[in-house]
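Here are some notes on the two-chain model, written as numbered points to be read beside the structure.

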Amino acid sequence: MKTLLIHVRKRLLTGYGLLFFAFLYAPILLIVAYSFNSNPINMMVWHDVTLDWYRAIFGLPHQLGDSELYADSTDQLLAAVRTSLTVALTTTLFSTLVGTLTALAVARYRFRLQGFYRFLLFMPMVMPDIVLGIALLIFFISVGMPLGTGSIIIGHCTFLISYVFIVVSARLAGLDTRLEEASADLGAGPWTTFRRITLPLIAPGVIGGAMLAFIISMDDLVITYFISGVDSTTLPVFIYGLIRRGIKPEINAIATLLILASLAIAAIGLYLRNKQHSATPATPDKTDPAND
Amino acid sequence: MKATTPEAPVVEIRRAIKQFRTPEGQRVPALAGIDLSVGAKEFVTLLGPSGCGKTTLLRTISGFEALDEGSIQIQGQEMNRVPPHARPVNTVFQNYALFPHLSVGENVGYGLSVRGVPKRERLQRVGEALEMVGMNGLQQRSPSQLSGGQQQRVALARAIINRPALLLLDEPLSALDRHLRQTMQRELKSLQNELGIAFVFVTHDQEEALTMSDRIVVLNGGHIQQQGKPTEIYDRPVNAFVAEFIGESNRFRGTLEPGDGGLGRLCLAGDEPLVLRRPAQSVAGELQVMLRPEQFCVHPPSGDRYASLKGRLTAKAFVGRDLEVILETRGGQPIKAALRGHDGQTLAGRELGDEVALWYAIDAPHVIAA
């Protein structure tokens, strides 16, 4: 009786686990599956396996009629991807630099109103996107700044600096300041100490912050929607525009490609992180005297 | 021969004053006017309870704390405005502070590398430094793969590779177990002889200080309480704090009356007077006298140069070599004694509550400031 109960409980737990992952991944798997469905009218009804949707995106020859696709999408799509990458790379570079330097300053120096500055740096993260978007839009209009790639970059930096600041600060909090003192004690000036001790030790935080900034910048819709100009549409804004003209199967292929890109970025991030961790490889020593 | 003449001090600190501000805004003196000089090959220990200013003093020598007032000279050079990386001293940090992202070899060679010593020479000197601490061959290891004692040795090798004029050690042995600590004490001492440089060693462990030092500097409340050879500090503490902090002591407070034949009688409240040889300098009024627990015996070798104190036996405990007993005098003064051999055996046979006499040489009581 008791063993049966345990058995049933174990089954229930397994079932729950499976349901949980289905909850997380079913929509994504569905989109990937639909991207290979050749039915142009109703994607919920399976016809045949096809790569035509992908061919259409890349402007390759395909057997689909114009009415089945979003009109002249390929060039616009590529332009949106280009804008997104430009914005994300510039934003990542800038917010990582400024966010890291800010984190160092706040962690290493004591100054008046420090707690208040820290609070100010947290604020953009909890500010509702819609508020930030509208505020930025009004600001750009009031100062007479034309909306375009530049305004998107500035807009993204305003809140991504905070993200980098927080990630790097967490890393710095775990860094023993005596390591920097030891470096100075051994004759290294402040710059050498930063380059050879501080930076390598906070590198995982800096890389993590940069990855986060890149992904959020690539992905942001709400804020970007307000501050992008007509000729500078990012990918999320572009996709949102497509959806408003009706859902066509082509969107599934675009989404699948985005998933692939995200996985690639995550993989690079993990690779860099592991590389950092194994910077001092645990090489077995052959002439190894016994530990004392 | 120059070696026999007193050499110029490596470090000369004059009237060093340093205050810290608490979060509540109060000013706490960490150094309240310290004068200290360290000889060229001297092993000096800064000893005191936590918060006494010993670590602050060490950090003003290494340059991590700036003095509010006073001056620090190292090898005759004014150091007040010289940053840590430009000072000819190196430090062994309390928790070793080994760079976790560098190998043992890279850690030890770091000081040479930042000074631009070519790789060939660097590798050779890293080998030599590791050899001195018995760790050669482990260059490729990561610090996290080492035991506490091994990390300690790597930290030592890293600190001596720049051939500093002075090595500062900030409680370097406090994280090691007792057995390893004693081994490291001996090794540190012989390393210092081998290198022929001055060591300034910070500790709160009086046993460590007594074992290793040429000179002990006892600090409390930002002041130097006493400095001198370990035996001086132990046998002739200048005040109650030093007597209490180093070793165990029984202290008797009373007024001194002259007696016969150069003897004096310290009149205690509620007890018979304590007989002692009158101190050379004339002291008047109330004073304190110290007797160490091991200065007592039960069977004095001769009667005339010994005097006794009587009390009831209130506690006894065998702690290995000694029998530790506590008496209480009629006046309520507790007396702690450590008895050995025949003395110990005698008292071990007595019951708690018995009246016993403890003898001491009349030369033994040491007068300290009241």
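This is a predicted model: local features need pLDDT of at least 70, side-chain atom pairs count only at pLDDT 80 or more; totals for chains, interfaces and linings use all residues.

1. Chain A contains 11 helices and zero strands, and its pattern along the sequence accordingly reads α-α-α-α-α-α-α-α-α-α-α. As to overall dimensions, the C-alpha trace of chain A spans about 75 × 75 × 45 Å along its principal axes. The radius of gyration of chain A is 25 Å, whereas a compact globule of 292 residues would have one near 19 Å.

2. Which residues of α7(A) meet α8(A)? From α7(A) they are Leu179(A), Glu180(A), Ser183(A) and Ala184(A), and their counterparts in α8(A) are Thr193(A), Ile197(A) and Thr198(A). By class, the residues in the contact of α7(A) with α8(A) comprise three nonpolar, three polar and one charged.

3. Turning to the contact between the chains, chain A contributes 24 residues and chain B contributes 27 residues. On the side of chain B that touches chain A, the elements giving two or more residues are β6 (89-92), α2 (104-114) and α4 (148-160) of chain B. The residues on that side of chain B divide into 15 polar, nine nonpolar and three charged.

4. The helix α2(B), which is among the elements giving two or more residues to the side of chain B that touches chain A, also packs against helix α3 (residues 119-132) of chain B, at an angle of about 120° and with the axes 9 Å apart. The two helices α2(B) and α3(B) are therefore oblique to each other, and α2(B) passes α3(B) in a right-handed crossing. On the α2(B) side the contact is made by Gly105(B), Val108(B), Gly109(B), Leu112(B) and Ser113(B), and on the α3(B) side by Arg122(B), Arg125(B), Val126(B), Ala129(B) and Leu130(B). Sorted by class, the contact of α2(B) with α3(B) has five nonpolar, three polar and two charged residues.

5. Chain B has an open sheet of four strands, in the order β2-β1-β4-β5 and with antiparallel pairing. Its edge strands are β2 (27-38) and β5 (77-78) of chain B, each of which pairs on one side only. Strand β4 (residues 69-74) of chain B pairs with β5(B) in the antiparallel sense over two bridges, and Ile74(B) stands opposite Gln77(B) in β5(B).

6. There is also an open sheet of five strands in chain B, with the order β13-β12-β11-β14-β19 and antiparallel pairing. At its edges stand β13 (274-277) and β19 (366-368) of chain B, each with a single partner strand, so one side of each is left without a neighbour in the sheet. From one strand to the next, the twist in this sheet averages 50°. Strand β12 (residues 263-267) of chain B and β13(B) pair in the antiparallel sense over four bridges, with Leu266(B) opposite Leu274(B) in β13(B).

Terms used: Residues are numbered from 1 along each chain as its sequence is written. Chains are lettered from A and ligands numbered from 1 in the order in which they are written. Two residues are in contact if their C-beta atoms, placed from the backbone, lie within 7 Å. Ala, Val, Leu, Ile, Met, Phe, Trp, Tyr, Cys and Pro count as nonpolar, Asp, Glu, Lys and Arg as charged, and the others, Gly among them, as polar. Two strands pair if DSSP finds at least two bridges between them. The radius of gyration is taken over C-alpha atoms; the globule rule is 2.2 Å times the number of residues to the power 0.38. Axes are lines fitted to C-alpha atoms, for helices over the stretch in contact, and angles run from 0 to 180 degrees between N-to-C directions. Angles under 35 degrees count as roughly parallel, over 145 as roughly antiparallel, 65 to 115 as roughly perpendicular and the rest as oblique. A crossing is left-handed if the near helix is turned anticlockwise from the far one by less than a right angle, and right-handed if clockwise.
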